[in-house]
Amino acid sequence: MSLITTAAPSKPATPAAAARRRPAARRAGTPYAFLAPALILFAAFLAAPIVYAGYLSLRKVKVSGLGLGAKSRTEIWAGLDNYTRSLTDPDFLPSVGRVGAYGLIVVPTMLGLALLFALLLDANRTRETVGKFARISIFLPYAVPAVVASLLWGFLYLPRVSPINDTLEALGISAPNLLSNDLTLWAVANIAVWGGTGFNMIVIYTALRAVPTSLYESARIDGASEVAIAWRIKIPIVMPSLVMTFVFSLIATLQVFAEPMTLKPLANTISTTWTPLMKVYRDAFARNDLYAAAATSVIIALATFILSFGFLKLVGRRAFNQED
Amino acid sequence: MKTKFAPLMAALTAAALFTGTACSSTDSPEETTDPNQKVELTYWTWAPNMDKVAAAWNAKNPNIQVTVNKQDGGDPAVTKLLTAIKAGSGAPDVMQAEYQKIPTLVSSDALADIAGEVGSIKDKFPAGTWNGVTLGSEAVYGVPQDSGPLMFFYRSDVFESNGLQAPKTWDDYAAAAEKIHKADPKQYLGTFSANDAGLFTGLAQQAGASWWGVNGESWTVNINDAATQKVAAYWGGLVEKGVIDNKPMYTPEWNAALNDGTQVGWVSAVWAPGVLDGSAKDTKGKWKAAPMPQWDAAAPATGAWGGSATSVTTQSKHKKQAAQFVAWLNSDPEALKLLATEAFVYPAANESTSILTSPPAFFADQADFYTIAGEASKQLKPFTYGPNVNVAYSAFNDTFGKAAESKKAAAFTESLATMQKTTVDDLKNSGFNVAG
């Protein structure tokens with residue numbers, strides 16, 4: 001303070017001060033210039049569509065009379081009408097329930113398998129021998145697009161063209177119809193588990209590889225078995241990765257679309273509103289009702305947001321503060 | 001804080017403005033009057049080889065040049081067209097439009113009324129088909145291109161070994177289905193497909209239903225009427241008895257069943273040979289075509305599955321020339337011949353019977369194939385489509401899917417009430433006047 005007051009005269013010399021302020025102002029703008037490309041892309045391709053979807057969800061088309069002549073359709077404000085319609089749609093809650101059941105099957109199975117595979121691959125003996133081959137073959141299904149995977153599994157599920165059924169029948173066992181009412185959910189879940197396990201396994205495995213081996217050595221000196229090391233040391237250390245893969249799986253579950261959509265033409269048991277996202281698709285493209293589709297999308301986005309951030313908040317301290 | 005975020009907000013607003021204005025340009029179509037002016041028309045269609053048909057027109061009309069733009073199919077083309085109409089530009093001049101989509105397109109102000117230009121060729125088409133492009137009004141929203149009268153296709157060898165004739169009535173069909181399935185439990189005469197609302201609509205049409213209608217200034221919806229109830233109860237009964245299958249059509253499984261001789265019949269339309277050629281090629285030569293089984297053999301009737309018209313869009317700047325091309329394409333003998341031989345469609349025009357003389361390749365031994373088809377297209381019952389056919393069709397997929405899976409005849413007839421309610425609710429919700 002004192003330094004400044006002594007250096008600066010009581011009355012600022014106007015030209016000099018201005019000259020000094022201009023570069024300062026330019027400097028203040030620099031971060032924005034650097035940020036601009038990202039901000040513009042963010043605004044044009046993420047923020048604007050979201051705002052537009054929000055806007056559409058509050059609008060609807062009003063038809064007058066027979067709706068056949070020109071200009072018989074007008075877009076009007078609908079308030080929260082689309083939201084009430086979406087939430088009270090008799091197909092909506094069952095689709096949410098279905099996705100809930102699907103998540104209860106997929107997430108624990110997929111993450112359980114991923115963790116098991118990661119631990120097995122990380123074990124001393126496999127690391128040096130078949131590790132690389134096994135890692136790649138477990139990861140490979142993740143590289144198959146969901147639509148292709150569903151077509152592939154669809155063929156295996158259809159009794160008449162399935163080699164699995166042929167084999168079972170040759171052995172004298174009557175094969176169950178996997179696309180019947182009771183089993184469709186499992187059939188769809190199976191595709192997701194098959195496709196997703198590899199990715200989650202790699203994430204957990206990478207976290208395991210980052211653990212200093214000295215930890216294991218000291219545990220071994222203390223007389224811990226491999227199972228005890230896995231259970232007491234490895235799993236707690238990779239907990240943050242498990243939390244992350246859980247959040248990813250949760251989001252993927254809420255957005256399940258490609259698998260049931262691809263299987264739908266093959267079976268009577270998958271309806272056009274089998275999952276909430278399929279309902280969005282039906283409203284937008286089969287019914288040409290973008291407004292209802294936008295409202296349901298907003299609801300799904302909010303639910304995803306609340307569930308994933310709620311979960312992170314719940315486990316945050318436990319997962320990220322290992323030292324405590 | 002305020003000043004810190006100002007540039008960010010400016011960027012966001014600019015982007016929002018940019019995306020907002022990009023789709024608000026509108027151009028109003030203007031008629032060109034100069035007859036010698038050279039115009040270029042674009043034509044969206046998904047029929048194969050349509051560029052070859054257009055080439056024949058282009059050679060004769062140097063001033064009206066048509067460019068064919070191949071589309072993926074009926075549904076995606078409609079979605080694209082409606083998007084272009086909403087955006088105010090980007091629509092073609094001429095567009096292939098399935099009959100059941102026409103009311104939806106008209107209600108979105110996508111199709112131009114060309115009554116003045118093509119009204120005079122009305123008599124060249126069966127009345128039932130022409131009704132599909134007028135929606136029962138004075139306006140004309142296109143010219144019929146092809147039609148899909150229902151026909152029955154069956155494995156003559158299987159019928160022969162079971163001592164059966166082609167079914168004349170639906171009672172005959174049910175008896176044949178039972179006999180065939182009893183003789184070989186793996187064989188079915190048909191399947192009830194909850195994926196193909198179009199076929200079920202055709203069957204209801206044959207029984208005398210017309211699901212939509214216009215009554216003064218209001219729409220009527222009659223999906224749950226006596227005729228449709230009769231059809232649903234009939235097929236539900238066959239499924240419940242287990243004498244026909246309940247699996248959807250157009251699956252790898254269904255293709256395999258046609259080819260390995262476990263599906264030995266198909267209620268389909270005049271275009272079936274093309275499908276059978278691909279799905280059942282190992283059984284070529286064993287199939288025969290027959291007229292549809294009837295409810296009343298004394299008053300033969302049929303329905304339609306598929307078929308489309310050619311329309312001029314409201315965004316076309318050369319409505320007159322576009323209408324000229326559309327009229328030529330669907331009624332000129334030269335064009336009809338090209339449509340049948342190059343684009344493999346069954347032209348809707350009356351004259352097609354004199355053009356189609358040799359049977360399709362899959363039915364090479366059946367000389368009377370097109371005679372049967374021609375008879376069938378004259379027996380088409382009138383049927384009006386409404387502005388929300390897709391809503392009714394997706395309701396069909398869902399409710400009849402459940403019914404087919406349950407194998408209960410009662411579930412089939414109950415499904416119609418659900419379809420009716422879903423369709424009416426949707427119309428009312430959009431603000432259409434609905435009677436009843």
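Trainee: Where in chain A does A:Asn288 lie, in a helix or in a loop?

Mentor: A:Asn288 sits in the loop between α14 (276-286) and α15 (290-320) of chain A. Helices here are DSSP runs of H or I with at least four residues, strands are runs of E with at least two, and both are numbered from the N terminus. This is a predicted model, in which local features need pLDDT of at least 70 and side-chain atom pairs count only at pLDDT 80 or more, while totals for chains, interfaces and linings use all residues. Residues are numbered from 1 along each chain as its sequence is written, and chains are lettered from A and ligands numbered from 1 in the order in which they are written.

Trainee: What makes A:Asn288 count as buried?

Mentor: A residue is buried if 20 or more other C-beta atoms, placed from the backbone, lie within 10 Å of its own, exposed if 12 or fewer, and partly exposed in between. A:Asn288 has 20 C-beta neighbours inside 10 Å, so A:Asn288 counts as buried. Its phi is near 60°, a positive value in a residue other than glycine.

Trainee: Then why does B:Asn49 count as partly exposed?

Mentor: B:Asn49 has 16 C-beta neighbours inside 10 Å, so B:Asn49 counts as partly exposed. Phi of B:Asn49 is also near 60°, and B:Asn49 belongs to the loop between β1 (39-45) and α2 (50-60) of chain B.

Trainee: How many residues does the contact take from chain B and from chain A?

Mentor: Chain B gives 40 residues and chain A gives 36. Two residues are in contact if their C-beta atoms, placed from the backbone, lie within 7 Å. On the side of chain B that touches chain A, α1 (2-21), α3 (74-87), α4 (102-107), α11 (252-259) and α17 (389-406) of chain B each supply at least two residues. That side divides into 21 nonpolar, 14 polar and five charged residues. Ala, Val, Leu, Ile, Met, Phe, Trp, Tyr, Cys and Pro count as nonpolar, Asp, Glu, Lys and Arg as charged, and the others, Gly among them, as polar.

Trainee: Which residues touch the most other members of the largest nonpolar core?

Mentor: They are B:Ile102, B:Met151, B:Phe153, B:Ala177, B:Phe325 and B:Val326, in a core of 127 residues. Such a core is a set of buried Ala, Val, Leu, Ile, Met, Phe, Trp, Tyr and Cys residues joined through C-beta atoms within 7 Å. The helix α17(B) gives the most to this core, with eight residues.

Trainee: Why does this core lie between domain 1 and domain 2 of chain B?

Mentor: Domain 1 (36-148 + 305-368) and domain 2 (149-304 + 380-430) of chain B both give residues to this core, so it lies between them. The domain bounds come from an automatic or database domain assignment.

Trainee: How many bridges join β4 of chain B to β8(B)?

Mentor: Four bridges join β4 (residues 143-155) of chain B to β8(B), and the two run antiparallel. Two strands pair if DSSP finds at least two bridges between them, so four are enough. The partner of B:Phe153 in β8(B) is B:Ala289.
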